[in-house]
Amino acid sequence: MTVKILVTPRTFGKSDPVPLAMLEEAGCEIVRNPHGRVMTEEEMVAMVQGVDGIIVGLDPVTKKVIDSGGSLRAVSKYGVGVNNIDIDYAVSKGIKITNTPGANSAAVAEHTIGLLLSVCRHIATSDREIRQGKWTQHPGFQLEGKTMGIVGTGQIGRQVAERAKGLRMSVLCYDIYPDGFWAKKAGVAYCSFNELLERSDFVSLHVPLVDVTYHMISVNQLARMKKNSILVNTARGGIIDENALYDALVNNVIAGAALDVFENEPVEDSPLKELDNVVMTSHIGAHTLEAVQNMGRMAVSNLLESLGI
Ligand code: NAD
């Protein structure tokens with residue numbers, strides 16, 4: 001019997017023929033996301049029927065979606081963050097869940113540094129102004145000699161920490177599971193979350209979005225940060241309380257922010273758009289040719305293994 005696979009990420013197989021070839025060689029029938037964007041719950045419900053496995057991006061795999069996919073046996077996340085999947089419910093139904101740890105770490109780490117530089121040196125603002133016929137010189141911040149605070153020292157946080165060291169910054173880290181061995185080797189130090197907020201010039205978030213990390217950065221945490229500090233989020237929207245961030249940026253509680261991820265994506269009417277001390281990108285942290293290739297191949301291997309093919 002043919003195994004039917006729903007593939008939702010738009011970049012899947014776009015620049016690398018191998019993942020699709022792997023599925024075809026395994027005899028899978030492939031159904032693609034026809035919408036050209038992240039699907040809604042209702043669209044997922046319609047697409048999941050009769051499907052054995054899903055290669056999923058950011059689209060919701062909720063209880064309703066799982067219940068609609070009567071033959072669903074495996075969900076393979078094309079990426080790392082699994083907050084769009086109701087894992088507990090899926091597991092209770094015997095559905096195997098996998099993700100692609102490490103596949104996009106370098107891409108996200110590089111994007112984090114790029115965003116930080118863009119805010120510190122007003123790169124996006126300057127670009128916008130030149131296009132508007134202006135020629136302004138905004139004073140910026142240097143990275144060298146500053147303290148970078150990394151919240152979450154998993155695959156991505158570590159790579160950001162190591163790059164920050166390469167840029168001659170000191171690095172403070174916070175994680176619920178600190179790894180003293182890695183910290184010693186990398187020349188970084190762990191501290192409490194509050195200490196990190198108070199001592200860092202730049203705070204970069206690399207934790208998953210789960211109940212305890214929802215609005216982990218809100219009014220009180222922003223108030224602890226230095227007046228000249230910059231907040232970077234390439235992890236997940238929802239970790240930052242965006243209303244509190246807007247107030248903090250308008251009232252000079254902190255100096256700037258760089259965001260690749262938002263509580264509601266795509267961003268439509270956010271007041272953050274009005275602010276020049278914010279740089280925003282459209283959840284592109286993992287969008288490099290290399291990361292897309294790694295995620296595609298790993299997601300297919302995981303799926304085929306889960307399905308026993
Ligand atoms: P990871 O699982 O390797 O690391 C997460 C780290 O966070 C772990 O060390 C864990 O112990 C720590 N952690 C978990 N809960 C915590 C808490 N409450 N307080 C402090 N630390 C906590 O994941 P990763 O590969 O480093 O990815 C991190 C996040 O980045 C992902 O969950 C994902 O949401 C996001 N991400 C974003 C993009 C993008 O395109 N912008 C791409 C990939 C991943």
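Let me begin with His215, which lies in the loop between strand 9 (202-205) and helix 10 (219-224). What we have here is a predicted model. His215 has a positive phi of about 55°, although it is not a glycine. For background, most residues other than glycine have a negative phi. Is His215 buried, exposed or partly exposed? The relative accessible area of His215 is 24%, and because buried means under 20% and exposed means over 50%, His215 counts as partly exposed.

There is another histidine to mention, His283. His283 also has a positive phi, about 50°, and is not a glycine. His283 sits in the loop between strand 12 and helix 12. With a relative accessible area of 17%, His283 is buried. The cut-off for buried is under 20%, so the value of 17% puts His283 in that class.

Ser282 is in the loop between strand 12 (278-280) and helix 12. Ser282 is exposed, because its relative accessibility is 61% and the cut-off for exposed is over 50%. Along the chain, Ser282 and Val261 are 21 residues apart, and their C-alpha atoms are separated by 6.9 Å.

Now a peptide bond. Glu265 and Pro266 are joined by a cis peptide bond, with omega at about -5°. In general, most peptide bonds are trans. Where is Pro266? Pro266 is in the loop between strand 11 (256-259) and strand 12.

Next, the ligand. Which residues come nearest to the ligand? There are 27 residues around the ligand, and the nearest are Gln155, Ile156, Asp175, Thr234 and Asp260. By class, this shell has 13 nonpolar, eleven polar and three charged residues.

Let me go through some contacts. Asp175 has a polar side-chain atom 2.6 Å from an oxygen atom of the ligand. In Thr234 a backbone N or O atom lies 2.9 Å from a nitrogen atom of the ligand. His283, which I mentioned for its positive phi, places a polar side-chain atom 3.4 Å from an oxygen atom of the ligand. Taken alone, the ligand exposes 860 Å², and the protein buries 86% of that.

On to the core. How many residues are in the largest nonpolar core? The largest nonpolar core has 44 residues, and the ones with the most contacts inside it are Ile5, Leu23, Ile55, Leu116 and Met148. Elements that each supply at least two residues of this core include strand 1 (3-7), helix 5 (105-120), strand 6 (147-151), helix 7 (155-166) and helix 12 (289-307). Why does this core lie between domain 1 and domain 2? Domain 1 (3-103 + 288-307) and domain 2 (105-280) both give residues to the core, so the core lies between them.

Two more residues, and then I will stop. Pro19 is in helix 1, residues 18-25. Pro19 is buried, with a relative accessible area of 1%. Pro19 and Thr234 are 215 residues apart in sequence, and from C-alpha to C-alpha they are 26 Å apart in space. Thr234 is one of the residues that come nearest to the ligand.

Arg32 is in strand 2, residues 28-32. With a relative accessible area of 32%, Arg32 is partly exposed. Arg32 and Ala186 are 154 residues apart in sequence, and 42 Å apart in space from C-alpha to C-alpha.

Technical notes:
Residues numbered from 1 in each chain as written. Predicted model: local features only at pLDDT ≥ 70, side-chain atom pairs only at ≥ 80, totals over all residues. Heavy atoms only, no water. Near = heavy atom within 4 Å. Polar contact = N/O pair within 3.5 Å; in protein donor to acceptor, adjacent residues only side chain to side chain. Areas by Shrake-Rupley, 256 points an atom, 1.4 Å probe, with all protein chains shown as cover. Nonpolar A, V, L, I, M, F, W, Y, C, P; charged D, E, K, R; others polar. Core = buried A, V, L, I, M, F, W, Y, C linked by side-chain atoms within 4.5 Å. Buried < 20%, exposed > 50% of the residue type's maximum accessible area, 1.4 Å probe, protein only. Helix = DSSP H or I, 4+ residues; strand = E, 2+ residues; numbered from the N terminus. Domains from an automatic or database assignment.
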